[in-house]
Amino acid sequence: QVQLVESGGGLVQPGGSLRLSCAASGSIFSISGMGWYRQAPGKQREWVATIPSGGSRNYADSVKGRFTISRDNAKNTVYLQMNSLKPEDTAVYYCNADVQVWQSSMWRRFWGQGTQVTVSS
């Protein structure tokens, strides 16, 4: 039905930057909120940032001032620009999107498969 594909993860040194992308495709009628979560080894998945279709963006305190979420509605794509990366940012990053599936009145949250971000010297 709907697929979310992430890209842009990798290995970066502390203080470096990465930009994650997540493109949604398939039977999409409309997308409202899009966001990012992450899960570090041995920890629960935690929320990172959210961007609604219109309105203000929200960030977890741990990334505020370092990460920026943005979206391109024409491309059904959400981005996460990550600057001043720290070793504690190491995790698998997952995107999500709240989608109204074509020919349906229902909204569902879809998830990407995850992309690894490793911050290490």
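Reader: Where does R66 lie?

Author: R66 lies in the loop between strand 6 (58-59) and strand 7 (67-72). Bear in mind that this is a predicted model.

Reader: What makes R66 buried?

Author: Its relative accessible area is 11%, and buried means under 20%. So R66 counts as buried.

Reader: Which residues does R66 touch?

Author: Leaving out residues up to four places away in sequence, R66 touches Q81, M82, N83, S84, L85, K86 and D89. There's also S62: its backbone oxygen lies 2.8 Å from a polar atom of the R66 side chain, and the cut-off for a polar contact is 3.5 Å.

Reader: How do you know that the side chains of R38 and E46 meet in a salt bridge?

Author: The N to O distance is 2.6 Å, and the cut-off is within 4 Å. That puts R38 and E46 down as a salt bridge. In general, side chains of opposite charge can pair when their charged atoms come close.

Reader: Which residue forms a salt bridge with R38 at 2.9 Å?

Author: D89 does, with the closest N and O atoms 2.9 Å apart. D89 lies in the loop between strand 8 (77-82) and strand 9 (91-101) and R38 in strand 4 (residues 28-39), so the pair ties together parts that are 51 residues apart in sequence. Both D89 and R38 are buried. Salt bridges that share partners join R38, E46, R66 and D89 into one network.

Reader: How many salt bridges does the structure hold?

Author: Five. One of them is between the side chains of D61 and K64, at 3.1 Å, N to O. D61 has a relative accessible area of 66%, so D61 is called exposed; the limit for that word is over 50%.

Reader: Why is the link between C22 and C95 called a disulfide?

Author: The S to S distance is 1.9 Å, and the cut-off is within 2.5 Å. So C22 and C95 pass. The structure holds one disulfide, and a disulfide is a covalent bond between the sulfur atoms of two cysteines.

Reader: What makes the disulfide of C22 and C95 right-handed?

Author: The torsion about the S-S bond is about 55°, so the disulfide is right-handed. The pair links distant parts of the chain: C22 sits in strand 3 (residues 18-26) and C95 in strand 9, 73 residues apart. C22 has a relative accessible area of 0%, so C22 is buried, and C95 counts as buried at 0% too.

Reader: Why is one side of strand 1 and of strand 7 left without a neighbour in the sheet?

Author: Four strands form an open sheet in the order 1-3-8-7, with antiparallel pairing. Strand 1 (2-7) and strand 7 stand at the edges, each with a single partner strand, so one side of each has no neighbour in the sheet. From one strand to the next, the twist averages 15°.

Reader: How do you know that strand 1 pairs with strand 3?

Author: Six bridges join strand 1 to strand 3, and pairing takes at least two.

Reader: What joins strand 9 to strand 10?

Author: Five bridges do, and the strands run antiparallel; strand 10 covers residues 107-111. N96 has W111 as its bridge partner in strand 10. The hairpin has five residues between the strands, and Q103 takes a positive phi near 60° there.

Technical notes. Residues numbered from 1 in each chain as written. Predicted model: local features only at pLDDT ≥ 70, side-chain atom pairs only at ≥ 80, totals over all residues. Heavy atoms only, no water. Helix = DSSP H or I, 4+ residues; strand = E, 2+ residues; numbered from the N terminus. Buried < 20%, exposed > 50% of the residue type's maximum accessible area, 1.4 Å probe, protein only. Polar contact = N/O pair within 3.5 Å; in protein donor to acceptor, adjacent residues only side chain to side chain. Contact = heavy atoms within 4.5 Å. Axes fitted to C-alpha atoms, helices over the stretch in contact; angles between N-to-C directions.
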